[in-house]
Amino acid sequence: MAKFRFKAVDSQGKEVLSTIEADTQSAAIEKIRGMKLTPKAIGQVREDETEAAVSRPTIKTKRSKDISIKLPKFLRGKVKTKDLMVMTRQLATLVDAGLPLTRGLRVLHRQTTNEALKEALGGMLETVETGNTFSESLGNYPKIFNHLYVNMVRAGEAGGVLETVLNRLAEFMEKAEKIKNKVKGAMTYPIVVLCAALGIVVFLMIFVIPKFQQIFNDLLGGEGMPALTQFVINLSEWVQQYWLFGLCGIIGTVIVLKIFFKTPTGSYLHDKLALSAPVFGQLTQKTIVARLTRTLGTLLSSGVPVLQALSIVKDTTGNQVVAKALQSVHDSVKEGEGMTAPLGASGVFPPMVVSMVEVGEETGALPEMLIRVANTYDDEVDNAVAAMTSIIEPIMIIFLAVVVGGIVIAMFMPLISIIGSIGQQAGA
């Protein structure tokens with residue numbers, strides 16, 4: 001058994017300094033409360049401490065500060081999902097190996113390189129050492145640990161399966177990050193090609209077309225040019241004269257759209273368009289369904305009540321249309337009804353999802369069914385991304401060829417006429 005040194009207050013408000021033996025810090029806190037004392041600070045006695053040091057009426061509630069230069073908060077950056085995922089997996093391993101939670105946090109605090117996460121781990125360690133629960137300490141850092149994370153940890157603490165919940169959280173974040181990276185990868189190629197096409201067109205319009213226009217004016221002597229050539233020249237003149245207005249117009253449009261999409265109406269319209277877009281709509285729907293079902297299944301299997309789990313999932317969907325559908329599901333369950341009817345009536349979820357949920361409710365294996373749905377849609381997202389990538393690549397190449405090739409043809413059409421006229425003059 002480990003030995004803990006604690007500071008507590010009795011019923012009369014008198015401060016008590018003593019030590020107690022227990023298997024874990026949580027057990028020590030329970031023992032202290034069983035002695036009708038209110039714990040204020042608690043810390044595990046290290047094995048290298050002497051008995052004299054233990055019996056001293058002092059208590060160490062803060063760690064010794066490292067001599068280091070800390071960056072300002074605005075330079076520390078955010079905690080990336082990858083860093084949080086690695087931290088969660090390592091903490092689960094340490095707790096599963098039998099280490100006390102405080103020692104595991106201390107180990108992670110020493111080895112973490114991300115400044116923001118390191119500061120959070122230090123703060124959580126101090127909070128836990130003073131007798132608060134791990135979930136309460138996580139709640140002090142909402143920018144790093146969302147509602148899903150905090151509530152799952154709270155459920156794990158209540159059920160005594162914290163290491164299992166941490167492992168599930170790590171697996172959940174790994175799969176969510178995998179899907180996110182695949183979608184980003186699918187979008188990278190068309191964005192790069194569009195930017196390249198725009199850059200080439202602007203370069204041609206500003207630097208190349210004016211030189212051809214001067215040559216045509218000198219050789220044609222004011223004669224009319226083909227319609228395509230004249231259109232390209234007019235477009236070049238507009239770009240040269242009004243490029244600043246065009247750039248400001250694009251930037252202004254983007255700003256106005258961003259402001260509009262932050263409003264309730266605009267946000268709902270944006271999310272609805274995201275689900276109904278011709279090519280990307282199905283991919284967005286499958287991605288949301290995979291994330292939603294995995295989150296809900298993980299929460300339910302971790303012991304979170306169904307109403308609380310639905311509220312958490314609703315807040316983490318990232319889509320107002322889906323959140324509205326989940327709110328109707330929440331209300332239905334609150335009234336004692338099932339989840340199947342409102343899911344099917346929403347029109348957001350595919351029939352296969354509704355059927356699987358119905359089977360899960362009937363058999364009492366809803367968490368397992370939700371995880372199966374998530375695995376199925378993870379595979380469908382992979383296939384959809386691969387198919388979309390294979391289709392987009394040739395489309396982008398053809399688009400770039402048509403744009404650049406059309407400009408080149410427009411410039412060569414007058415040259416063909418000029419060469420023909422020169423040949424006729426030479427023959428005469």
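Is Thr389 buried, partly exposed or exposed? At 24% relative accessibility, Thr389 counts as partly exposed, where buried means under 20% relative accessible area, exposed over 50% and partly exposed in between, with a 1.4 Å probe and protein chains only. Thr389 sits in helix H17, which covers residues 366–427. Although Thr389 and Gly185 are 204 residues apart in sequence, their C-alpha atoms are 8.8 Å apart in space.

The model is a predicted one, in which local features need pLDDT of at least 70 and side-chain atom pairs count only at pLDDT 80 or more, while totals for chains, interfaces and linings use all residues. Residues are numbered from 1 along each chain as its sequence is written, and side-chain values use heavy atoms, with hydrogens and water left out.

Of the 428 residues in the chain, 36% are buried. Among contacts with a separation of 6 or more, 61% join residues 24 or more positions apart, a contact being heavy atoms within 4.5 Å. The chain exposes about 24,800 Å², and carbon and sulfur atoms supply 61% of that area; accessible areas come from the Shrake-Rupley method with a 1.4 Å probe, and for residues only the protein chains shown count as cover.

A search of the whole structure for disulfides (pairs of cysteine sulfur atoms within 2.5 Å) finds zero. As for individual cysteines, Cys195 is exposed at 53% relative accessibility, whereas Cys248 is partly exposed, with a relative accessible area of 48%.

H6 spans residues 115–129, and its 15 residues reach 21 Å from the first C-alpha to the last, close to the 21 Å expected at 1.5 Å a residue; the expected span is 1.5 Å times one less than the number of residues. Because 12 of its 15 residues are buried, H6 is largely enclosed by the rest of the structure. The buried residues of H6 include Ala116, Leu117, Lys118, Met124 and Glu129. At the start of H6, a side-chain oxygen of Asn114 comes to within 3.1 Å of the backbone nitrogen of Ala116. This is a polar contact, meaning a pair of N or O atoms within 3.5 Å; within protein, one must be able to donate a hydrogen and the other to accept it, and residues adjacent in sequence count only if both atoms are side-chain atoms. Just after H6, Gly131 adopts a positive phi of about 105 degrees.

Thr102 provides a link to this helix. Thr102 belongs to helix H5 (residues 101–111) and is buried at 5% relative accessibility. Leaving aside neighbours within four places in sequence, Thr102 is in contact with Gln25, Gln44, Leu125, Val128 and Glu129.

Asn319 lies between helix H13 (306–316) and helix H14 (320–334), and its relative accessible area of 4% makes it buried. The Asn319 side chain reaches the backbone oxygen of Asp271 at 3.4 Å and the backbone nitrogen of Val321 at 3.0 Å. Residues up to four places away in sequence aside, Asn319 touches Asp271, Leu275 and Ile288.

A search of the whole structure finds six aromatic pairs. Phe212 and Phe216 make a tilted pair, 6.0 Å centre to centre with 50 degrees between the planes. Rings of Phe, Tyr and Trp (its six-membered ring) pair if their centres lie within 6.5 Å, with planes under 30 degrees apart counted as stacked, over 60 as edge-to-face and the rest as tilted. Both Phe212 and Phe216 lie in helix H9 (residues 162–220), four residues apart, about one turn of the helix. An α-helix has 3.6 residues a turn, so residues three or four places apart point the same way. Phe212 is partly exposed at 22% relative accessibility, while Phe216 is buried, with a relative accessible area of 1%. Phe260 and Phe261 also form a tilted pair, at 5.7 Å centre to centre and 50 degrees between the planes. Phe260 is partly exposed at 34% relative accessibility, as is Phe261 at 28%. Finally, Trp238, Tyr242 and Phe245 form one aromatic cluster.

Terms used: Helices (H or I, at least four residues) and strands (E, at least two) are DSSP runs, numbered from the N terminus.
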